[in-house]
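Hello,

Here is the structure I promised to pass on. Please have a look at it first, and then read my notes below.

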Amino acid sequence: MKNPYHPIPMIVKKASVETTDRMLRTLQLSFLNEEDAKAFRFIPGQFCELSIFGKGEAPLGIASSPTENGSLKFTINKAGVVTTALHHIEEGTEVGMRGPLGNGYPIDIFQGKNVLVIGGGFAFTTLRSLIAFFLHPENRNKVKDITVIYGARMPGLLLYKEELKEWEKRSDIKLVVTVDWGDKDWKGKVGLVPNVLEELAPSSENTYAVICGPPIMIKFTFPKLMALQFPDERIYTSLERRMKCGIGKCGRCNIGHIYVCNDGPVFNYAQLKKLPKDY
Ligand SMILES: Cc1cc2nc3c(=O)[nH]c(=O)nc-3n(C[C@H](O)[C@H](O)[C@H](O)COP(=O)(O)OP(=O)(O)OC[C@H]3O[C@@H](n4cnc5c(N)ncnc54)[C@H](O)[C@@H]3O)c2cc1C
Ligand code: FES
């Protein structure tokens with residue numbers, strides 16, 4: 001049996017800065033060994049522990065889609081020791097990766113339904129994976145309407161800007177990108193994500209909502225979804241906790257009896273309501 005603590009060797013194939021404040025960097029990693037690449041299967045919403053020798057490990061959501069074979073993409077906010085090291089790492093350097101970890105989004109449950117994706121800030125990473133997965137020609141007919149509301153504080157802080165432009169041109173996805181404050185070049189929407197949701201008022205009929213973003217955005221978006229009559233079971237989110245092992249062994253990430261790393265990080269609102277209030 002494979003040791004779950006043993007990282008898979010990966011190489012930094014491409015590194016790019018995403019945002020004007022230079023706090024978010026995307027790394028595209030490729031597998032060092034062909035057999036690791038072949039064996040690696042994941043679903044959108046899962047995460048990996050990325051490690052740099054001598055620095056440590058950090059859990060990071062997979063930003064690429066399973067339909068994008070051969071490499072994995074992570075978008076990293078510079079927060080502390082490991083993430084800063086990942087910001088300085090050069091193309092061609094080896095890093096370690098344990099994963100895929102966690103449950104991921106319930107893509108089977110979404111089949112045949114409309115999907116409403118609501119994202120804010122850099123939590124858009126795994127939502128990007130989910131959207132790219134369903135937009136792939138092999139998967140597009142698995143769900144009906146795809147509606148995306150994605151917001152950032154200002155235009156320069158939006159992730160995946162080129163891809164957003166491509167999605168905007170497509171007729172099989174409704175994308176609304178919004179910023180809290182525009183600038184002289186911004187022609188798009190200005191407004192907070194919860195207000196844009198209220199204005200757009202998507203139907204909750206036959207629809208699942210997936211929401212990831214800063215706690216303040218989630219706090220004000222939930223009541224808007226309630227007002228649109230989304231049942232708790234049809235609202236999904238991904239929790240972020242301090243983690244260590246990522247495989248349900250160390251107890252670092254628990255909330256009551258659940259381990260966020262193993263039972264989550266994706267939960268629906270009905271499940272979250274049953275948890276102790278410390279999350
Ligand atoms: C399932 C999951 C998915 C994640 N996906 C992403 C992602 O796609 N992109 C991304 O940039 N980040 C993501 N994170 C957050 C990321 O794991 C932390 O920012 C990272 O572990 C910090 O490590 P560090 O060594 O750089 O910071 P440290 O030096 O360990 O800490 C620096 C500061 O960050 C705080 N911190 C550390 N970990 C967390 C955490 N999990 N939540 C809140 N505060 C924390 C510490 O308290 C400290 O104040 C994710 C976390 C989880 C649990
Ligand atoms: S991180 Fe160790 S149990 Fe979840």
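How much area is buried between domain 1 and domain 2? About 1,500 Å² is buried there, and carbon and sulfur atoms give 62% of it; buried area here is the accessible area (1.4 Å probe) that two parts lose on being put together, summed over both.

Before the rest, a word on conventions. This is a predicted model, in which local features need pLDDT of at least 70 and side-chain atom pairs count only at pLDDT 80 or more, while totals for chains, interfaces and linings use all residues. Residues are numbered from 1 along each chain as its sequence is written, and side-chain values use heavy atoms, with hydrogens and water left out.

The protein chain is assigned domain 1 (8–101), domain 2 (107–231) and domain 3 (239–279), with bounds from an automatic or database domain assignment. The centres of domain 1 and domain 2, taken over C-alpha atoms, are 24 Å apart. Their contact (heavy atoms within 4.5 Å) takes 22 residues from domain 1 and 17 residues from domain 2. Of the area that domain 1 buries against domain 2, Glu18, Pro44 and Thr67 supply 32%, more than any other three residues.

There is one salt bridge between these two domains, the term meaning a side-chain nitrogen of Lys or Arg within 4 Å of a carboxyl oxygen of Asp or Glu. If you want a salt bridge to look at, Arg128 forms one with Glu68, with 2.7 Å between the closest N and O atoms.

Best wishes

Note on methods. Chains are lettered from A and ligands numbered from 1 in the order in which they are written.
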